[in-house]
Amino acid sequence: MDEENDMSMTTFLYSIVEMIAEVHSRILSLNDAYEYNFSDKELHFLVIGLLGMVMIFVVYPVFKYLASTGHVMVISWVYVFTLIIVITFAIEIGQRVTNTGNMEFADIMFGLVGFLFMFFIFSLIRGIYHGILELCRYYHNRKKRRQRMNSVGNGNAEEYDDAEEYAQEDEPDEQG
């Protein structure tokens, strides 16, 4: 069973290496076709630099929007999930290079599923916590509306409890 997983991980890594090699060959052929004669280091400088900038132009507006709408937790999750993927691959590759364990794709998948499961539990607890805070705010604001209505002398405040016009006093929801 371990040999089968080891082979699937090896096959997966080789397929990634082959895709990268194909892109590398196409870039080299463009370099030769247009007689730019960039060295390997110069090509790495240009290609990775451009790839990084393309990613910045895609990721920055998305993260800026998420931050402006108070979704900092989503940004944190994306960042941590990306790091977890890199770390799990690094551990498996390290095990292969140092012969301290078996390099298995299943280990990567179990690690990622472990993070997703634990984050799901965290999200449930966080959701319950924010739900309780929201209920407390609702009842606190309801009590303030009742007091204000009674002090103004508008009669029975209970009839106004669910009125939309008096619900504008809610404090902004905390994100994070």
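Guide: Trp77, Phe81, Phe115, Phe119 and Phe122 form one aromatic cluster. Rings of Phe, Tyr and Trp (its six-membered ring) pair if their centres lie within 6.5 Å. This is a predicted model, where local features need pLDDT of at least 70, side-chain atom pairs count only at pLDDT 80 or more, and totals for chains, interfaces and linings use all residues. Residues are numbered from 1 along each chain as its sequence is written, and side-chain values use heavy atoms, with hydrogens and water left out.

Visitor: How many aromatic pairs does the count come to?

Guide: The count is 9 aromatic pairs. Trp77 and Phe81 make a stacked one, with 4.8 Å centre to centre and 10° between the planes. Planes under 30 degrees apart count as stacked, over 60 as edge-to-face and the rest as tilted.

Visitor: Where do Trp77 and Phe81 sit in the helix?

Guide: They are 4 residues apart in helix α3 (residues 72-98), so about one helical turn separates them. Helices are DSSP runs (H or I, at least four residues), numbered from the N terminus.

Visitor: Is Phe81 buried or exposed?

Guide: Phe81 is buried, at 18% relative accessibility. Trp77 is partly exposed, at 25% relative accessible area. Buried means under 20%, exposed over 50%, partly exposed in between (1.4 Å probe, protein chains only).

Visitor: OK, helix packing. At what angle do α3 and α4 cross?

Guide: Roughly 155°, with the axes coming within 9 Å. That makes α3 roughly antiparallel to α4, a label for angles over 145 degrees. The axes are lines fitted to C-alpha atoms over the stretch in contact, and angles run from 0 to 180 degrees between N-to-C directions.

Visitor: Which residues make the contact?

Guide: On α3 they include Trp77, Phe81, Ile84 and Phe89. On α4 they include Leu112, Phe115, Phe119 and Phe122. Contact means heavy atoms within 4.5 Å.

Visitor: Switching to charges. How many salt bridges are there?

Guide: The whole structure has 2 salt bridges. The rule is a side-chain nitrogen of Lys or Arg within 4 Å of a carboxyl oxygen of Asp or Glu. Glu22 pairs with Arg26, with the closest N and O atoms 3.2 Å apart. Arg137 and Glu134 also meet in a salt bridge, 3.2 Å from N to O.

Visitor: How far apart are Arg137 and Glu134 in helix α4?

Guide: They are 3 residues apart in α4 (residues 105-152), so about one helical turn separates them. Arg137 is buried at 12%, while Glu134 is partly exposed at 35%.

Visitor: And Arg26, buried or exposed?

Guide: Arg26 is exposed, at 54%.

Terms used: Helix = DSSP H or I, 4+ residues; strand = E, 2+ residues; numbered from the N terminus. Parallel < 35°, antiparallel > 145°, perpendicular 65-115°, else oblique.
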